[in-house]
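Hello,

Here is the structure I promised to pass on to you. Please open it beside this email and follow along as you read.

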Amino acid sequence: EKTVGGLMYGKRLSSLLQVVFPGELAAEGVIMTKLMQWLFGVSLLAVVWALTAYDLLDLNLPQTYRDVAWPMPAYLLVSFGCYSLAVIGYRVATFNDCEEASRELRMHIKEAREDLRKKGLRF
Amino acid sequence: MTSRTTPQQSRDSRDKYTVLLPTYNERENLPLIVWLLVKYFNKSGYDYEIIVIDDASPDGTLDVAKQLQEIYGKDKVVLRPRASKLGLGTAYLHGIKQATGNFIFIMDADLSHHVMHPCCMSNHKPYLSLLIRKQKEGNYDLVSGTRYRGSGGVYGWDLRRKLISRGANFLTQTLLRPNASDLTGSFRLYKKEVLETLVEKCMSKGYVFQMEIIIRARQLKYTIGEVPISFVDRVYGESKLGGNEIVSFAKGLLLLFATT
Ligand SMILES: Nc1nc2c(ncn2[C@@H]2O[C@H](COP(=O)(O)OP(=O)(O)OP(=O)(O)O)[C@@H](O)[C@H]2O)c(=O)[nH]1
Ligand SMILES: [Mg+2]
């Protein structure tokens with residue numbers, strides 16, 4: 001059993017805490033895989049979304065909140081897709097063509113071949 | 001910090017750089033890359049050795065390597081051949097065991113990393129210098145060449161290949177959030193003990209091996225520096241990039257995503 005902030009807690013509670021606070025997890029030396037981090041993030045968003053869109057806590061949220069929240073996942077997906085395409089497109093368009101590197105390489109290859117032949121290398 | 005130059009210089013003179021060159025059917029390329037390396041190291045004055053790990057290439061790469069050893073000396077060109085094609089990861093492991101340098105360069109033997117090319121127009125230094133200098137600058141555990149940042153780039157790639165490369169890189173960055181921009185690049189400088197530790201931990205092969213090693217480096221909290229490089233497609237020999245390669249890349253990416 002461990003003490004955190006004056007509280008005693010058992011093994012089961014500790015592992016529960018680790019799920020709720022992934023930061024603690026890292027501190028405990030347990031590694032959270034990238035897959036777990038993603039699942040954690042996505043489920044957190046999903047919970048927030050469900051709570052707002054269906055007013056699961058009966059908070060009497062104004063109808064406008066629910067109307068905005070309901071199509072949010074689709075909006076998020078589409079914007080993420082557009083963002084990805086834009087970034088990839090921009091990076092492809094600005095991918096440097098190293099003309100000069102290739103020209104120089106060919107020059108060095110020629111020089112190397114001549115010198116190596118002089119040194120007696122049989123290619 | 002006042003006597004900064006003195007220890008730096010004495011450390012410089014004690015440093016030795018081992019270059020690991022795994023080869024498979026690189027008969028045309030090996031003499032050229034070795035020539036370039038020798039030329040660079042002689043000019044720069046760093047102590048060095050080149051270890052060639054040939055996996056019984058059918059084209060007689062080993063024969064050429066022996067000739068190179070005669071030309072440049074047994075202390076400069078070290079041969080560590082193996083009896084059959086056992087893959088890149090174990091080739092590095094095999095090579096490190098014989099390495100006497102405290103730093104290790106890893107690069108392809110196919111001339112795709114043109115070591116003598118002055119990449120940044122502002123300082124006109126060969127890549128090897130830039131990697132070495134970067135390492136010293138931040139005492140980094142590893143320095144990685146990157147095609148995706150700054151003046152880095154590629155030569156001989158069509159739109160399709162650029163798209164695949166950028167797409168794969170974006171996906172990798174999104175899923176794994178590594179602290180390096182070029183995960184599949186294979187022109188890197190390591191501290192010897194760092195590479196030893198990392199190679200022991202890596203299980204994958206080929207492209208994925210280069211990717212896994214960076215991810216493991218982050219896990220072990222090693223520091224990573226980056227230098228923009230230009231990548232020139234191989235002039236001689238067969239390229240092994242195909243549909244197969246993409247499938248194994250995707251598999252490796254998912255595996256790392258789920259396990260690290
Ligand atoms: N010792 C050893 N070297 C290998 C093996 N497979 C590849 N190599 C070498 O590793 C380096 C990288 O391999 P490449 O074939 O260039 O792989 P790549 O860069 O992904 O693909 P291309 O350059 O397009 O062919 C080269 O120097 C190869 O000769 C292997 O099984 N054993
Ligand atoms: Mg290559």
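A53(A) sits in helix α3 of chain A. Please keep in mind that this is a predicted model. Is A53(A) buried or exposed? Its relative accessibility is 6%, and the cut-off for buried is under 20%, so A53(A) counts as buried. If you set aside the neighbours within four places in sequence, A53(A) is in contact with R66(A), A69(A) and W70(A).

Two elements of chain A, α3 (34-53) and α5 (72-93), each give two or more residues to its lining. Which of them gives the most? That is α3(A), with eight residues. The lining has 14 residues in total, and V42(A), L45(A), P73(A), L76(A) and L77(A) lie nearest the centre of the pocket. By type, the lining residues divide into twelve nonpolar, two polar and no charged.

Next, have a look at where the two chains meet. Chain B puts 48 residues into the contact and chain A puts in 36 residues. About 3800 Å² of area is buried between chain B and chain A, and carbon and sulfur atoms give 67% of that. Three residues, W35(B), R166(B) and F170(B), supply 18% of the area that chain B buries against chain A, which is more than any other three residues.

S165(B) is buried, because its relative accessible area is 10%. Not counting residues up to four places away in sequence, S165(B) touches F95(A) from the other chain, along with Y148(B) and W157(B).

Finally, there is helix α5 of chain B, which covers residues 127-138. Its twelve residues reach 17 Å from the first C-alpha to the last, close to the 16 Å expected at 1.5 Å a residue. The buried residues of α5(B) are Y127(B), L128(B), S129(B), L130(B), L131(B), I132(B), Q135(B) and K136(B). Just after α5(B) comes N139(B), which takes a positive phi of about 45°.

Enjoy exploring, and write back with any questions!

Best wishes

Definitions and conventions:
Residues are numbered from 1 along each chain as its sequence is written. Chains are lettered from A and ligands numbered from 1 in the order in which they are written. This is a predicted model: local features need pLDDT of at least 70, side-chain atom pairs count only at pLDDT 80 or more; totals for chains, interfaces and linings use all residues. Side-chain values use heavy atoms; hydrogens and water are left out. On a 1 Å grid over the protein atoms alone, a cavity is a set of points where a 1.4 Å probe fits but cannot get out, and a pocket is an open set with protein on both sides within 12 Å along at least five of seven lines; lining residues have an atom within 4 Å of a point. Helices (H or I, at least four residues) and strands (E, at least two) are DSSP runs, numbered from the N terminus. Ala, Val, Leu, Ile, Met, Phe, Trp, Tyr, Cys and Pro count as nonpolar, Asp, Glu, Lys and Arg as charged, and the others, Gly among them, as polar. The expected span of a helix is 1.5 Å times one less than its number of residues. Buried means under 20% relative accessible area, exposed over 50%, partly exposed in between (1.4 Å probe, protein chains only). Contact means heavy atoms within 4.5 Å. Buried area is the accessible area (1.4 Å probe) that two parts lose on being put together, summed over both.
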